[in-house]
Amino acid sequence: MPWYTLCGWLGCLETDHECTLAMPTIRRQRMDYLADTANVSIPVMIDDVKRDLESFEMTRTRFLLIESTEPEVGLTAAASEVRLPAFLLSLSGVVYRPSESSDTFNSAKQIEELHETVEASELLEMESDELWLPTSPIDEVRSEPKFGDVFRVALPLFRLSMSFGRDGVTLASFLEQANSMRQQVTYSDVETSAFRDWYQQQVEEAEVNYEKQLGRDSVLDWKGD
Amino acid sequence: MARLTVTMIDVGWGDCILLEFEKDGQDPRYALIDCNDRPNQRLALSFVKRHLQTKQVDWRNRRHFFDFVLLTHGHDDHSRGLKQMMSEFETKWFWYPKSGHPGLAGLLRYANRSAKVDAHQSVDETKLLPDFGDVSMKILWPPHSPTGPHDPNDENNNSVVMALTLADVSFVLTGDCKASNWPSIVSKLPVNLKVIQVPHHAAKNGMFDSSGGTPWLDAIASNVEIGMSCHISPHKHPHPDVITELNSQARSYFRTDEHYHVSFSTDGATVKKKWSRV
């Protein structure tokens, strides 16, 4: 699975069966949560760098989520190797790689394919959420960071930032703890290019749609026409 | 009788504004500007549904329930949750400014593919918008830029500023359009302006330009009602200097962090305010 679950689902305990999450081609494997924690990093895209707010040198980023709000029997919760007698009503999975065969988004095609795979399930949707990071570690690995730049954030810092975003820690505590984790932020040049290319594809597709609609009511007039 | 109601929904930080046009003998019409719903915290979606249920409006049986959805600019605290809103309610139009912000990709992709969005395109001050019921709409900002976004480096400066006019009353909604842009906008403000949204959630750069001037505030009459979507966390909005400035001029203002959901409504002659804090 190309996501790390956010809200408690630790993955199916069975290691060798077809996924029942309406994505039969993806094999669900047990995620060894503790073992993987050290290696997981999440791609986050800069949304806005705040530099003109006193004592708030922070950067807002966004990350991809796979969401399900429908109850689905195939998704079950587990704790301490014991499957809990419940199925999950909803799921928020943080995307950390495009697929099991690739650790980074190397092309717009991979991003598009992930969207198509998720949408094909009919139970799942692609969404995004925000993550605040101190700007200083970003500045250290990328001169003049701007919106659209993609960085990798290691899981411990990601979790701390999520906690800050949900008012779990104060700003002062967050900054202090995050300062000791500053090496957990790395710039991802290849993913920046991939996401920019993917955005450009959406713009070009919108322009094609616009051209097709010219002359119909579904195009706004210009003033003075 | 016709009535326009503009509700600034309290979504914490960020914007979500519901527009409602009612007229005797007609189905009410709705539109939405921006959204800041987090995946596990859909405050605006819940608000709109409850509001419609209270009004006994069945959105499920109306294709393209919203007349339009406007994204003022590509920042996350304005765009997040819009996909879900359009999926739930459907929209005739989806408008947005020309933007270089890759964060818009997901929404554009959805609009390109989904039948729940009837038409979509970028807008600027050269575009003629259809009426919203009896309400005429005019875009005051950004200026037309044939080759790309008006400002490729600062998305706030691409924010759509829109005027809504019902008979003799106009409202202006501002997104995050910074104060530095307002010298070019103030000459286009409607003469009958009665309500304005403080730009950029009452951030300092929404009120004050680089020389400390207050261009939009200087241009509006003293009796214009002022609303702001703001919250202390995480951006420390409103900025204390903005509040000090408004207080020093004895301006009447309403803020979502204190008044929660704030509504301004007009019959085209007078303005009524309503807020949810008791």
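Predicted model: local features only at pLDDT ≥ 70, side-chain atom pairs only at ≥ 80, totals over all residues.
Me: What classes of residue make up the contact of H4(A) with H5(A)?

Reply: From H4(A) come A:Leu157, A:Leu160 and A:Phe164, and they meet A:Phe174, A:Gln177 and A:Ala178 in H5(A). By class, that contact has no charged residues, one polar and five nonpolar.

Me: Now the contact between the chains: which element of chain A gives the most to the side that touches chain B?

Reply: Chain A puts 38 residues into the contact and chain B puts in 30 residues. On the chain A side, the elements giving two or more residues include strand E9 (125–134), helix H6 (189–213) and strand E12 (221–222). The biggest giver, with eleven residues, is H6(A).

Me: Over in chain B, is strand E10 (residues 169–173) mostly covered or mostly open?

Reply: B:Val169, B:Phe171 and B:Leu173 point one way from the strand, while B:Ser170 and B:Val172 point the other way, and all are buried. That makes five of five residues buried, and E10(B) is mostly covered.

Me: E10(B) has a partner in strand E9 (residues 161–166) of chain B. Which residue in the turn between E9(B) and E10(B) has a positive phi?

Reply: Five bridges join the two strands, which run antiparallel, and B:Leu166 stands opposite B:Val169. They form a hairpin with two residues between them, and the one with a positive phi, of about 50 degrees, is B:Ala167.

Me: And which residue in strand E11(B) is the bridge partner of B:Ser170?

Reply: Strand E11 covers residues 193–197 of chain B, and its three bridges with E10(B) are in the parallel sense. The partner of B:Ser170 is B:Leu193.

Me: Zooming out, which are the edge strands of that sheet?

Reply: The sheet is open, has six strands and runs E8-E9-E10-E11-E12-E13 in chain B, with mixed pairing. Its neighbouring strands are turned by 20 degrees against each other on average, direction ignored. Pairing on one side only, the edge strands are E8 (136–141) and E13 (253–255) of chain B.

Me: Last one: which residues touch the most other members of the largest nonpolar core?

Reply: That core has 114 residues. Leaving out residues up to four places away in sequence, B:Val69 touches residues including B:Leu32, B:Met85 and B:Phe94. The two that touch the most other members are B:Ile17 and B:Val69.

How values were computed
Residues numbered from 1 in each chain as written. Chains lettered and ligands numbered in written order. Contact = placed C-beta atoms within 7 Å. Helix = DSSP H or I, 4+ residues; strand = E, 2+ residues; numbered from the N terminus. Core = buried A, V, L, I, M, F, W, Y, C linked by C-beta atoms within 7 Å. Buried ≥ 20, exposed ≤ 12 C-beta atoms within 10 Å, placed from the backbone. Pairing = 2+ DSSP bridges. Axes fitted to C-alpha atoms, helices over the stretch in contact; angles between N-to-C directions. Nonpolar A, V, L, I, M, F, W, Y, C, P; charged D, E, K, R; others polar.
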